[in-house]
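Please keep the sequence and the structure open while reading.

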Amino acid sequence: LLLLLVVLGLELTLVCVHAEGKTSLIGKNFNPEKIQGKWRTILVASDKREKIEEHGSMRIFVEYIHLFRNSSLAFKFHTIVNKECTELYLVRDKTEEAGVYDVKYDGYNRFTILDTDYDDYIIIHLRNIKNGETFQTMKLYGRKPKLSSNIKKKFGVLCKKQGIVIENILDLTEADHCLQAEVGRMTCASRWVISSENEEWLSTNIVP
Ligand SMILES: *[C@@H]1O[C@H](CO)[C@@H](O)[C@H](O)[C@H]1NC(C)=O
């Protein structure tokens with residue numbers, strides 16, 4: 001009987017390990033503080049391809065991630081709605097599991113951070129449920145506008161594991177990320193530098 005229990009216990013452990021493979025790879029070591037800051041969408045994948053194609057609700061371009069004190073994460077995105085660049089702000093509330101969040105967007109989403117090294121890339125898995133239907137989306141974000149092919153390959157392998165075929169992975173490196181708002185701010189900043197050389201303008205317009 002003891003032996004049987006030991007065998008059963010082992011099997012249970014194996015089942016647990018297997019089940020965990022589907023969720024976060026980083027598990028309890030995940031440090032949400034370190035994923036804050038600027039990111040850029042590099043690759044997106046989905047088993048419902050139209051969701052990531054033009055006009056798809058999951059074709060959204062990240063700008064930054066912010067961590068609230070209550071451990072919720074805020075994501076700022078840019079997307080194209082009716083041919084216009086629009087900002088999108090989503091708050092993801094944490095669950096009891098490390099690296100797993102809930103968010104309402106185009107239905108309900110369970111959001112899992114599958115992998116990250118914090119400095120270069122982050123890989124995210126989304127399970128969407130809406131009106132009894134479900135689909136998955138995966139995203140690869142980079143700190144810089146381009147990522148090495150090694151990391152892209154890693155993303156491909158993880159997609160395959162989740163059952164997303166390689167034909168449904170889109171490279172958005174060269175796509176319009178609709179970051180006009182960002183460009184706008186940069187223009188303002190450079191204008192500011194130019195005008196600050198003009199002290200007369202400064203004293204009349206800025207100094208009270
Ligand atoms: C956490 O705080 C943010 C910002 O104040 C808020 O939007 C969000 O709903 C909060 N989440 C929870 C679970 O209270």
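How many helices and strands does the protein chain have? In this predicted model, the protein chain has four helices and 10 strands. Read from the N terminus, its elements follow the order α-β-β-β-β-β-β-β-β-β-α-β-α-α.

**Overall fold**

- The protein chain has 208 residues, of which 25% count as buried.
- When contacts between residues at least 6 apart in sequence are considered, 51% of them join residues at least 24 apart.

- The 10 strands form an open sheet in the order 1-3-4-5-6-7-8-9-2-10, and the pairing is antiparallel.
- Strand 1 (37-38) and strand 10 (169-171) stand at the edges of this sheet, and because each has a single partner strand, one side of each is left without a neighbour in the sheet.
- Within the sheet, strand 6 (residues 100-104) is joined to strand 7 by five bridges, with the two strands running antiparallel, and Val-100 stands opposite Thr-112 in strand 7.

**The nonpolar core**

- The largest nonpolar core holds 30 residues, and those with the most contacts inside it are Leu-43, Ala-45, Ile-122, Ile-123, Ile-124, Leu-140 and Tyr-141.
- Two or more residues of this core come from each of strand 2 (40-46), strand 3 (61-67), strand 4 (73-81), strand 7 (108-116), strand 8 (121-130), strand 9 (133-142) and helix 2 (149-161), and strand 8 gives the most, with five residues.
- Leaving aside residues up to four places away in sequence, Ile-122 touches Ile-35, Trp-39, Ile-113, Thr-116 and Tyr-141.
- As general background, nonpolar side chains tend to be buried together in soluble globular proteins.

**Helix 2**

- After helix 2 comes Gly-163, whose phi is positive, near 90 degrees.

**Around the ligand**

- Which residues surround the ligand? The ligand is surrounded by Phe-68, Asn-70, Ser-72, Val-91 and Asp-93.

Conventions:
Residues numbered from 1 in each chain as written. Predicted model: local features only at pLDDT ≥ 70, side-chain atom pairs only at ≥ 80, totals over all residues. Core = buried A, V, L, I, M, F, W, Y, C linked by C-beta atoms within 7 Å. Buried ≥ 20, exposed ≤ 12 C-beta atoms within 10 Å, placed from the backbone. Contact = placed C-beta atoms within 7 Å. Near = placed C-beta within 6 Å. Pairing = 2+ DSSP bridges.
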